[in-house]
Each structure stands twice: as C-alpha cells, then as structure tokens.
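User: I would like to go through this model term by term, asking what each label rests on. Please set every value against its definition before concluding.

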Amino acid sequence: MKRWLYPTLLLAALLGLWQILADSGALADVFGVESFLVPSPSEIASSLWDNRSLLAENAWVTLREILLGFGCALVAGIGFAIVLHLSETLRTAFYPLLVGSQAIPILVFAPVLIVLFGYGIGPKLMIVAIICFFPITVNALDGLRSVDADAVKMMRTLDASRWQTFQRVEAPTALPSVFSGAKVAVAVAVIAVVFAEWAGSSSGGLGWLVLQYNNNLRTAEVFATALVLALMAIGLFGLLALAERLVVTWR
Amino acid sequence: MRQDTKMPPDSGANSAVEAPPETPSPPAGAGLSAAGVEHSFGELRTLEQIDVELAPHGVLGLVGPSGCGKSTLLELVCGLREPDAGTIAVGGAGDAAGRLARCAFMPQRDLLLPWYSALDNAALALRNHGAGKAAARRQAAALFERFGLAGFEGSAPNELSGGMRQRVAFLRTLLAGKPLLALDEPFAALDAITRAEMQEWLAGALGEDPRTVVLVSHDVEEALYLSDRVAILSARPARIVAELRAPGPRAADRDAAVTDPAFVAVREEAMKALHEGSR
C-alpha cells in the first residue's frame, strides 16, 4: 500500500507545485522567458487530448520503427552471441571489438546513414537495430558463458548431444540475461528512434513531430509528445518484464 | 560378504587404448582398470602413478586431502579428460569416448536444473537418449516410490530438501543406464544426520541395483562404509599411499557397522595413512 501511496502523493505534489508556479508566471520569470513558453501540467494534458489523433498516428510510425529495429537486433544479437559462445576463436577476436564499438557515438552517424540509404524506414530501423544490438549480444553472451561447467560435464556423461546440452542447459541458463539485455535495449531504442527521425524523416513519427512543435515554439505539445514517448518506453519495458515472468518461472 | 574384491581386470583392459568405440551394454557390469596414470594441469602435477583395479559391481572409495586431484581422477575415469600417461579402461574401453559411454557422473553439487521438475531432472538421460517426454517421465516415475520420492514428482528442485535433491540427482545418474557410476562427494553438502541416512539409503539402492561405483569422498568413515575398498591418496601430486579393505561394506545397519571394532581399526589405519600422505 505505502509502496504505491507515497510515490503517487509525491508525484501529485510535484505536479501541483508545477501547476501553481506555471500559472503565476513564477516559473517563466525564473527562466526569464515569456510565460506561454512554460506550459503547465494542465496545458500539457489538454494538448495531449487535442492532438490525440495526430499523436496516435505518429506514435504508430515510431512504434513500428522500434519494434522492427528491436526485432532485427534481437534475432541478430542472440544469433551472434551463440556463434561467439560456440567458437572460442571468434569470441576472442570479436569480443574486444564489440565492447570497443560502444565508444563510437553511433547516433552521430545517423545523418550519414540517411544520406546513404535514403529517407525511408530502412535507415531508421538500422539505427535502432545497431543501438539495440550491443546490449542484447553482450548480455546473451554473458548468460551463455555463465553456464556451470560441471553441469555441462554431467550432461556429457548423460549422453547429451551438443544440441541437447544447449537446449536443456545452456539456453535456459542464458535466458534471464537475454531478457536483461532486451530490457536495456528497448529503453535505449526509444531514444535512438528519436535521433533517427531527427536525422531525416519524411514519414513522420514522434521524434519528427517533436522537432516540428519545437520549431514552432509549441512547448506544451513538445511535452505532450515526450510524454507519449516515455509511456511507450515504459510500456515496452513492462511487456518484456511480463514476458520474462511468464517464461523464466524458476526464479 | 565379499571375500575378495581384487578381481582380475577385464580382458585386454590395459591394451584397449586403440579399441574402437562401441555401443555400451547397459548395466551388464564393467570393471575399471587404471595403470600408471599421470596427469597435470600445465606445470601443476595432479596425479602420479595411479594404479587401480576394480571388479564389475565393486565399489571403490577414493579418499584424500582436499584439492589433491580426486575429482580430476574421476573425470579421467569418466572419459571427460585424457591422462598424460598411463591407461584407463572401463569395461575394456580405453578411449575417452568409450569410457564416456560407460560412465555416469554425479557432481559434487546436485546440479538439478531449476527449470525442470524433480521428475524431469531424473529423466534427463532418458530424454537425451531420445525418449519422448511422456515415456521418459513414466520410466522415471516408476523409481520415485522406491527412492522415497513419491508425491514429489512435480516439485521444483528448490522445493525439495537436501537429501531429496541428492536422491533425485542419484536417480538421474542411475537412469543413464551406465555400468559405472562416478560419484563426486555426493553427500558433502548435507548435515551429519541426513548424510548418515543417505549413506544407508545409497547402500540399499546399490544392493538392489548393483553397479560399479567410484566414490570420491573426504570422509573416511563414509568411504569405508559404502565401499569394498578404499584408496587413500596423498596431497598433490596425488599417489595412492594405502589401499584398505572395508570390513563390512554397505551393512544394513550403518550405526552398528561403523562402531564395530574391526571397522574402527581400519578407520584408524586409514586416518593414519591420510595424515602421512598429506604431509
């Protein structure tokens, strides 16, 4: 009860304070800007309602980009992790590069990808997929590497084939790590997709919409769009957490 | 009561290194024969001149100071490793694949897979052999009652007591249908009372379903009670410093057996050898 009550009360208090400060113009004075540039929670809420069909339409575009990019990264990341797990040579060669590649700010190359591949959905999927690929691959590989060596020996003396050992011991061991990686990936995917749409989009999306609103100084709408993006990230994370609880029943 | 546990090895056991791998004949009984076995991990020498003979359905205890290489020896027997020198043959098969086909390994920790029920854990080898889920479960369930596990078929491993987990782990090893069971300190994680109960239980289980057993233990009493013979290993690099005949292997009444003067005398002898070997 208190677990829910206290944070809810705190949130309500903060929103109330924000509302009062924005209405009185105190917040605008603090920032030294015109008061119409500082939206109050009620203005954001009404903007959310007034623009609901536009937001929904663009949310669908963005959601599709996230899901497709994330899906590609999931398949490729898990596949690559399995290959690296099976081959020590490849693992030794690739692992440092894989970790090192994270120092590259991939989002900086988003405009380049747009130039190379055009303004369609393709380059946006690519950016999301590249960003999601790393946490998925590294976590899946770490999960596979954490398999108990004695359990593998035991499986060998129980006449398990390589595939049976993978299926019955290694894959279930790695599963919680795979979910951890996927949850991290889906959270960063929402940030990545906004950058991808900023880099070049004629096909809409919430990131593109934020840019339009911002250029027109429609700050309430910017906040409303950001709220939708945040809810999308929380929703996707929650779905993965739910799937994990349904699949990983032994924890 | 066993009169002589030192029986001749299987035919051609020592010269079987080149023998092609063959399909194992389930629990028909396979002896173990090791001669001049040496092993090292790089610079670290673990085993030195190990000679062991064990007749089919015999039980050999391996006791030694911790870290002396007992578990390594067990892995060599099971064909999970190859020795640097010397030969090891199980049921006449001297190559690693042949030994692997004849040995089932029960690791120190029970290593029950948490994503399977107790029944599915026990049936693991049957599934590996290609049996369908239902058939494997049926076969394993038939043994649950005999092993005092009836009613716990569907339980998750973490719902079982330590003793029950070990029984499931042993059942899993048994159901692999291998002639030789390699048990690596199977009861080390249990409290003293449960351990004594489990030793008595294992003695009974082996009476009903005899197998060749190599039992690694750090507990002299456990090894002497369960085995026909106990080999005492020295500190690393491990050599066999003494080999003792157990006075009353797997007697029905454990408490009476371990307090018997003959048992106590052999235990003293074993402890002495163990102390000398650890220096």
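Analyst: Helix α10 (residues 261-278) of chain B lies across β3, β8 and β9 of chain B and runs at about 175° to β9(B). This is a predicted model, in which local features need pLDDT of at least 70 and side-chain atom pairs count only at pLDDT 80 or more, while totals for chains, interfaces and linings use all residues. Residues are numbered from 1 along each chain as its sequence is written, and chains are lettered from A and ligands numbered from 1 in the order in which they are written.

User: What do the names of helices and strands rest on, and how is an angle such as the one of about 175° between α10(B) and β9(B) defined?

Analyst: Helices (H or I, at least four residues) and strands (E, at least two) are DSSP runs, numbered from the N terminus. Axes are lines fitted to C-alpha atoms, for helices over the stretch in contact, and angles run from 0 to 180 degrees between N-to-C directions. Helix α1 (residues 70-77) of chain B is described in the same terms: it lies across β3 (59-63), β5, β6, β7 (212-217) and β8 (229-233) of chain B, at about 160° to β7(B).

User: What makes β5 and β9 of chain B edge strands?

Analyst: The open sheet of six strands has the order β5-β6-β7-β3-β8-β9 (chain B), with mixed pairing. Both β5 (103-106) and β9 (240-245) of chain B pair on one side only. Two strands pair if DSSP finds at least two bridges between them; β5(B) and strand β6 (residues 180-184) of chain B are joined in the parallel sense over four bridges, B:Ala104 having B:Leu181 as its bridge partner in β6(B). From one strand to the next, the twist averages 15°.

User: Why is β6(B) called largely enclosed?

Analyst: A residue is buried if 20 or more other C-beta atoms lie within 10 Å of its own, exposed if 12 or fewer, and partly exposed in between, with C-beta atoms placed from the backbone. Five of the five residues of β6(B) are buried, so the strand is largely enclosed by the rest of the structure. Both faces are covered, with B:Leu180, B:Ala182 and B:Asp184 buried on one side and B:Leu181 and B:Leu183 buried on the other. In a regular strand the side chains alternate between the two faces of the sheet.

User: What makes the unit of β6(B), α7(B) and β7(B) right-handed?

Analyst: A crossover is right-handed if, with the strands pointing away from the viewer, the path from the first strand over the helix to the second runs clockwise. The β-α-β unit of β6(B), helix α7 (residues 192-208) of chain B and β7(B) is right-handed by this rule. Its two strands pair in the parallel sense over five bridges, and B:Asp184 stands opposite B:Val216 in β7(B).

User: Why does one side of β2 and of β4 of chain B lack a neighbour in the sheet?

Analyst: Three strands form an open sheet in the order β2-β1-β4 (chain B), with antiparallel pairing. Since β2 and β4 (85-90) of chain B stand at the edges, each has a single partner strand, so one side of each is left without a neighbour in the sheet. Strand β1 (residues 32-41) of chain B is joined to β2(B) by seven bridges, and B:Ser40 stands opposite B:Arg45 in β2(B).

User: Why is B:Gln49 called partly exposed, and what is its phi?

Analyst: B:Gln49, in strand β2 (residues 44-54) of chain B, has 14 C-beta neighbours inside 10 Å and therefore counts as partly exposed. Its phi is near 45°, a positive value in a residue other than glycine. Most residues other than glycine have a negative phi, and most peptide bonds are trans. B:Leu111 likewise has a positive phi, near 55°, and counts as partly exposed because 19 C-beta neighbours lie inside 10 Å.

User: Which peptide bond is cis, and what is its omega?

Analyst: The bond joining B:Arg236 and B:Pro237 is cis, with omega about -10°; B:Pro237 is found in the loop between β8 and β9 of chain B.

Definitions and conventions:
Contact = placed C-beta atoms within 7 Å.
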